Amino acid sequence: MFKPKESSQNEIEFVSIDELVPSDHLLRKIDQYIDFSTILDKVRPYYSEDNGRPTDPLLLFKMMFIGYLYGIRSERQLEQEIKMNIAYRWFLGLKFRDSVPHHSTISFNRQNRFKGTDIFQEIFDEIVLQAINNKMVGGRVLFTDSTHLKANANKHKFTKEEVKAHTRAYIDELDKAVEEDRQNHGKKPLKEREEVIETKKIRVSTTDPESGFMSRDNKQEMFCYLDHRTTDMKFNIITDAFVTPGNVHDSVPYLSRLDRQTRRFDFKVEAVALDSGYLTNPICKGLSDRNIFAVIAHRRFHPTTGLFPKWKFTYDSEKDLYVCPNKQELIYRTTSREGYREYKSDPKQCETCPFLSQCTRSKNKVKVVTRHVWEDDKEKVRLNRLSKSGKMLYKFRKEKVERSFADSKELHGLRYCRFRGLHNASEQVLLTAACQNMKKIAMHLAKLG
C-alpha cells in the first residue's frame, strides 16, 4: 500500500547513548580492553594543578585516537564528525547536548603544551607494553622496513644548500678493525685520520625544511619523510616507529633502534628479516656481534659490461687470496682506511692471459679485487638467506611489516604528512602506530572473551 512516511524530525524521545552503539563496535572493544589511565599520569607534569581552566587531557587524546583510527585527516573535520557520530560521543563520554571541544584546543596542545616533549613516544611505548602484558609480543623475531610519507611541501619550491655530511656511527669501530687487520698482515699502522669536514649539496624545501628530498629509481621524486618501522612476528604488533627525513638511508638508524627496543621492552631478539637496503657491512657485523640470526634480501649489483663479475673470482680463506677464472692467484697487498683489503694480480701473467680483455681495462694490466674486513659477516647473512629457516622468515617479512604499512596508508590516512616538521611527522606516525596496536589488542582480546 502506498503510504508516505510522516515527518518525525521534531519529535522528542528519551534514549540512551549506550543503547545506540552496537555491542560489537570497535570503540566498545578498545574502551574495554585498553587502559587509558596511564596517559593521565604521563601528561600530568604538563598541566597546572591549581591554575587555569579545568580540562580533561584524556578527552583530547581520545579525540586524536578517533582521528587516527578512522583516518580523519583534519582536526576541523574531526570536530564535526564527533558532533554527529553517536559512537564517537559514547567513546568520549559526551552526552547529546555536551559541546565538543573546539579543534583549536587540540592544535594548541599539540603545538605548544607538548612541543619538544616525548609524550607521543611514551604513549606508543605504553600501548606496546600492554600488548606484551597480554602475551601478544614475543620479542624474538622482528621485521623492519621503511616507507616514505609525502611531506606537505611542493617539490618545486626549494633552495640548494651545502651541508655537513653525517659522521658514520661505526667509524671508530671500523678504524680499530682496519688497524688490527693491517697488523695481522704485517703492515704499518695508518697515519691518524685528518679531520676533514665533508660536505654535500642537497635540496632544502622552503615549505618544510626538515623534510628530505627523495630521488630513487622507479619512484616519484618528492620531499618526504621516512617511517622506519619494526613489527613482531607473533601478532604483528608494531614495536618501534621512528621518523627521519626522506634523504636518510634505511640502514642508518637501524642498529640504534634495535638496541632501544631490547632496552625498553627487554626483548631477547633471536632473528630479524630485512629488505635489501639493509645489506651493508656494518649492519651484518652489528647483528653478528649481537648473536642475531639475520636474513637480508639479496641486492642486485650491475658489473661493468664486458668484464667478469666479482663472483667469478674465488676467495680462498685459508691462503687469504683470490683465484681468477684463469687460476691465477691475486695476492693481498694492503688494507685501505675505508676497510677494504686489496688483492692484486701479477701483471706479467696477466699480459699473456686470454681473458685479459674480460678481466680488466687498467693500463698496467693489474686486476684489483677488494674485500671488506667485515665481509665474512655479510657472507654469513647470505648463507642464512638461502637456508630453510631464512626462506621462511623472509616470506613472513612481506606478510608482517609490509602489511602493517599497507594498513597505515589505506585505513589510517598515513599516505601523506598532515603536518610540517620532523616532530609533527613523528607524532602522526607514532599515534597511527599506537592506534593500529590498540585495534589489534582489542580485537584479539574480544575474540578470547
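E75, R110 and E427 are linked in a network of salt bridges. A salt bridge here is a side-chain nitrogen of Lys or Arg within 4 Å of a carboxyl oxygen of Asp or Glu. This is a predicted model, where local features need pLDDT of at least 70, side-chain atom pairs count only at pLDDT 80 or more, and totals for chains, interfaces and linings use all residues. Residues are numbered from 1 along each chain as its sequence is written, and side-chain values use heavy atoms, with hydrogens and water left out.

The side chains of R110 and E427 meet at 3.9 Å, N to O. The pair links distant parts of the chain: R110 sits in helix α7 (residues 103–113), E427 in helix α16 (residues 422–448), 317 residues apart. Helices are DSSP runs of H or I with at least four residues, strands are runs of E with at least two, and both are numbered from the N terminus. Are R110 and E427 buried or exposed? Both are buried. Buried means under 20% relative accessible area, exposed means over 50%, and partly exposed lies in between, using a 1.4 Å probe and protein chains only.

How many salt bridges does a search of the whole structure find? It finds 24. Take K62 and D31, with closest N and O atoms 3.7 Å apart. K62 is in helix α4 (residues 57–69) and D31 in helix α2 (residues 26–33). K62 has a relative accessible area of 12%, so it is buried. D31 is partly exposed, because its value is 33%.

Next, R257 and D240. Their closest N and O atoms are 2.7 Å apart. R257 belongs to helix α10 (residues 254–265), D240 to strand β6 (residues 238–245). Both R257 and D240 are buried.

Now the domains. The protein chain is divided into domain 1 (17–115), domain 2 (138–300 + 385–425) and domain 3 (310–377). Those bounds come from an automatic or database domain assignment. The centres of domain 2 and domain 3, taken over C-alpha atoms, are 32 Å apart. Their contact takes 18 residues from domain 2 and 16 residues from domain 3. Contact means heavy atoms within 4.5 Å. About 1,500 Å² is buried between the two, with carbon and sulfur atoms giving 56%. Buried area is the accessible area (1.4 Å probe) that two parts lose on being put together, summed over both.

Which charged pair is worth a look? D181 forms a salt bridge with R341, with the closest N and O atoms 2.8 Å apart. The interface of domain 2 and domain 3 has 1 salt bridge by the rule. On the side of domain 2 that touches domain 3, α9 (171–184) and α11 (281–289) each supply at least two residues. The largest share, 6 residues, comes from α9.

A131 lies in helix α8 (residues 119–133). Its relative accessibility is 0%, so A131 counts as buried. A131 and I441 are 310 residues apart in sequence, yet 6.4 Å apart in space, C-alpha to C-alpha.

T360 lies in the loop between α13 (356–359) and β13 (368–372). T360 counts as buried because its relative accessibility is 14%. Leaving out residues up to four places away in sequence, T360 touches L307, V366 and K367.
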